[in-house]
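Here is a short briefing on charge pairing and sheet layout. Look at the structure, then read the points by topic.

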Amino acid sequence: MKFTIRHPYAIEPEPFWREVFFDHDYNEKLYKKGLEFEAFDVVEETSPPDGRKTRKVRVTPKIDAPAAIRKVLGDSVSYVEEGRLEVAGPNAPKWIARVLPSKLADKTTIKAEMWLERTGPGQSDRVAEFEIEVKMFGVGGMVEKFLEKTMRESYQKAAEYTNQWLRANGKATS
């Protein structure tokens with residue numbers, strides 16, 4: 001399953017990557033307040049001289065899953081997102097990540113790419129493309145649809161929170 005999510009941001013791409021995306025205070029508040037995740041922890045972060053930053057985070061989202069999904073995943077699931085900021089190539093800079101769930105990791109593939117497209121002075125669209133595959137006979141498609149729904153909801157909340165945070169912290173350019 002592949003899908004794309006797009007949301008407007010009140011900031012241009014360059015300052016977003018430079019001043020927001022790797023800001024620890026922003027991320028802590030985004031995950032805990034904006035997304036209401038139960039846990040957020042930066043496991044590792046690097047900033048090599050070539051500009052290709054990397055980050056590994058471990059998070060535990062609150063999930064409101066149907067009974068059939070809870071039967072497969074349980075009442076709680078966490079995941080590790082391992083990503084890197086590519087500074088060259090199409091849509092650069094862009095964040096390329098893979099998500100490693102705490103359950104069914106051997107049956108689940110989740111890949112994401114995210115970038116910002118300037119849409120006007122002080123404005124961008126955050127574009128995120130996802131690829132999800134769950135290899136489980138009989139329920140794989142259902143789990144994929146649940147993950148898509150959950151990601152769409154989380155990214156909508158993240159966009160709302162980010163734009164609010166940008167305004168509150170004087171980073172919004174319009």
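**A pair in helix α4**

R152 and E148 are separated by about one helical turn, because they sit four residues apart in helix α4. Their side chains meet in a salt bridge, at 3.0 Å from N to O. A salt bridge here is a side-chain nitrogen of Lys or Arg within 4 Å of a carboxyl oxygen of Asp or Glu. The model is predicted: local features need pLDDT of at least 70, side-chain atom pairs count only at pLDDT 80 or more, and totals for chains, interfaces and linings use all residues. Residues are numbered from 1 along each chain as its sequence is written, and side-chain values use heavy atoms, with hydrogens and water left out.

**Salt bridges**

- The structure holds 16 salt bridges.
- R152 counts as partly exposed, at 35% relative accessibility. Buried means under 20% relative accessible area, exposed over 50%, and partly exposed in between (1.4 Å probe, protein chains only).
- K32 pairs with E28 in a salt bridge, with the closest N and O atoms 2.7 Å apart.
- Both K32 and E28 lie in helix α2 (residues 24–34), four residues apart, about one turn of the helix. Helices (H or I, at least four residues) and strands (E, at least two) are DSSP runs, numbered from the N terminus.
- K32 is partly exposed at 40% relative accessibility, and E28 is partly exposed at 32%.
- D106 and K107 form a salt bridge at 3.9 Å, N to O. D106 is exposed, with a relative accessible area of 69%; K107 is partly exposed, at 33%.
- A network of salt bridges links R6, E117 and D125.

**A buried charge without a partner**

- E144 is placed in helix α4 (residues 140–168).
- E144 is buried yet has no salt bridge. The nearest side chain of opposite charge, K145, is 7.5 Å away. Lys and Arg count as positive, Asp and Glu as negative; His and the chain ends are not counted.
- Leaving aside neighbours within four places in sequence, E144 is in contact (heavy atoms within 4.5 Å) with M1, I132, E133 and V134.

**The sheet**

- Seven strands form an open sheet with antiparallel pairing, in the order β1-β7-β6-β5-β4-β3-β2. Two strands pair if DSSP finds at least two bridges between them.
- β1 (2–9) and β2 (39–46) stand at the edges; each has a single partner strand, so one side of each is left without a neighbour in the sheet.
- Strands β6 (residues 108–120) and β7 (residues 123–134) run antiparallel, joined by 12 bridges.
- M114 has A128 in β7 as its bridge partner.
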